[in-house]
Amino acid sequence: MDNENQNGVSGSGCEILIPFNERKPIREIERNLIKKYRKKIWSKFIKAIKDYELISPGDKIGVAISGGKDSLLMAKLFQELKRHGQIEFELEFIALDPGYHEDIRKLLVENCEYLEIPVKIFDAGIFQVADKIASDYPCYMCARMRRGALYSRAQELGCNKISLGHHFNDVIETTMLNVLYSGNFKTMLPKLKASNFENMELIRPMYYIEETDIQKFIQSSGIWPLNCACMVAAKKIGNKRFEIKDLIEDFKQNFKNVDKSIFRAAQNVNMDGILGFEKSGEKYSFLDFYDEGLEIPKRD
Ligand SMILES: Nc1ncnc2c1ncn2[C@@H]1O[C@H](COP(=O)(O)OP(=O)(O)OP(=O)(O)O)[C@@H](O)[C@H]1O
């Protein structure tokens, strides 16, 4: 077990994002975000917020920070929006320490300090528990526990929303994972209401932003983000998400804009061309609607 960490849970980490250059001054990083990366990052962030009505005046948003490239960028985007935008809202930056190696935690703290992200770090021994109770497939358990812990912390801090750093590629990979492995059509939504926490919503404002642009931004800023700091799952199970990522890359060689098509498929489900669907836990067949029977409400 050459990858054991102090806590005795394994993991070898994943690919490392190496900066292109020295760390740029913070003011330059912030300027680049709304100038150089306006089209690829900033405008897409704003568009998702508008299209999906992710922020309302008076919101207090808990920005979930793992210390990885996506959530560090998300934190900076929110700060810029607060600075330049017209909507009044408040921010809290929340990181859970699931049991990171001390060097990893140091990197998280250091990056947040440099980027002027006033993060609050909470200890939550998630890695140990996930490894113990779900050692074969710890990711699912870990994500569920993390979500619950995040909601509670956010609620304690008076937040009504929690924002996650999922991006365009996470969305299409989820869609493909469901089609290819679960035999259902279900994507990752840009917002949803928390089922066990009253008045709490989850939002994903990086919904339209492509991962390659996030990588470029982070690398050209000279930041070393946490690269998959998980000590439980990394390389332990064949990570299906990585396989799907590769598969979509392969598709792209032969099908133009295949990634955009996968994304759009979830916006254009044709209810007259499907065999069945599930709504609020109930299953329906097209036969239920074939003669007259159940009606899908018509839009005015
Ligand atoms: N330990 C954590 N503390 C707080 N938020 C977290 C933590 N881990 C994950 N998140 C939130 O959940 C999102 C998705 O988590 P996931 O593990 O899939 O990360 P990711 O896709 O590698 O993103 P990132 O680059 O931000 O780590 C993150 O972007 C972040 O907003």
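Gly165 is located in the loop that joins E4 and helix H7 (168–182). In this predicted model, Gly165 has 23 C-beta neighbours inside 10 Å and therefore counts as buried. Beyond residues up to four places away in sequence, Gly165 touches Asp70, Ser71, Met74 and Met206.

Gly165 is also among the residues that come nearest to the ligand, together with Ala64, Ser66, Gly68 and Ser71. The shell around the ligand holds 17 residues, of which eight are nonpolar, five polar and four charged. At least two residues of this shell come from each of H3, E2 and helix H6 (138–156). An unreviewed UniProt entry lists Ala64, Ile65, Ser66, Asp70, Ile94, Gly165 and Asp170 under "binding site".

Ala64 belongs to strand E1. Ala64 counts as buried because 24 C-beta neighbours lie inside 10 Å. When neighbours within four places in sequence are left aside, the contacts of Ala64 are Ser71, Ile94, Leu150, Ile162, Ser163 and Leu164.

Strand E1 is part of an open sheet of six strands, ordered E3-E2-E1-E4-E6-E5 and mixed in pairing. Strand E3 (119–123) and strand E5 (191–193) are at the edges with a single partner strand each, so one side of each has no neighbour in the sheet. From one strand to the next, the twist averages 25°. The pairing of E5 with strand E6 (residues 201–203) is antiparallel and spans three bridges; Lys193 is placed opposite Glu201 in E6. Helix H3 (residues 69–84) lies across strands E1 (60–64), E2 (90–97) and E4 (161–163), and runs at about 155° to E1.

How values were computed
Residues are numbered from 1 along each chain as its sequence is written. This is a predicted model: local features need pLDDT of at least 70, side-chain atom pairs count only at pLDDT 80 or more; totals for chains, interfaces and linings use all residues. Two strands pair if DSSP finds at least two bridges between them. Helices (H or I, at least four residues) and strands (E, at least two) are DSSP runs, numbered from the N terminus. Axes are lines fitted to C-alpha atoms, for helices over the stretch in contact, and angles run from 0 to 180 degrees between N-to-C directions. Two residues are in contact if their C-beta atoms, placed from the backbone, lie within 7 Å. A residue is near a molecule or strand if its C-beta atom, placed from the backbone, lies within 6 Å of it. Ala, Val, Leu, Ile, Met, Phe, Trp, Tyr, Cys and Pro count as nonpolar, Asp, Glu, Lys and Arg as charged, and the others, Gly among them, as polar. UniProt positions are given in the numbering used here, feature names are shortened, and annotations may be inferred rather than shown by experiment. A residue is buried if 20 or more other C-beta atoms lie within 10 Å of its own, exposed if 12 or fewer, and partly exposed in between; C-beta atoms are placed from the backbone.
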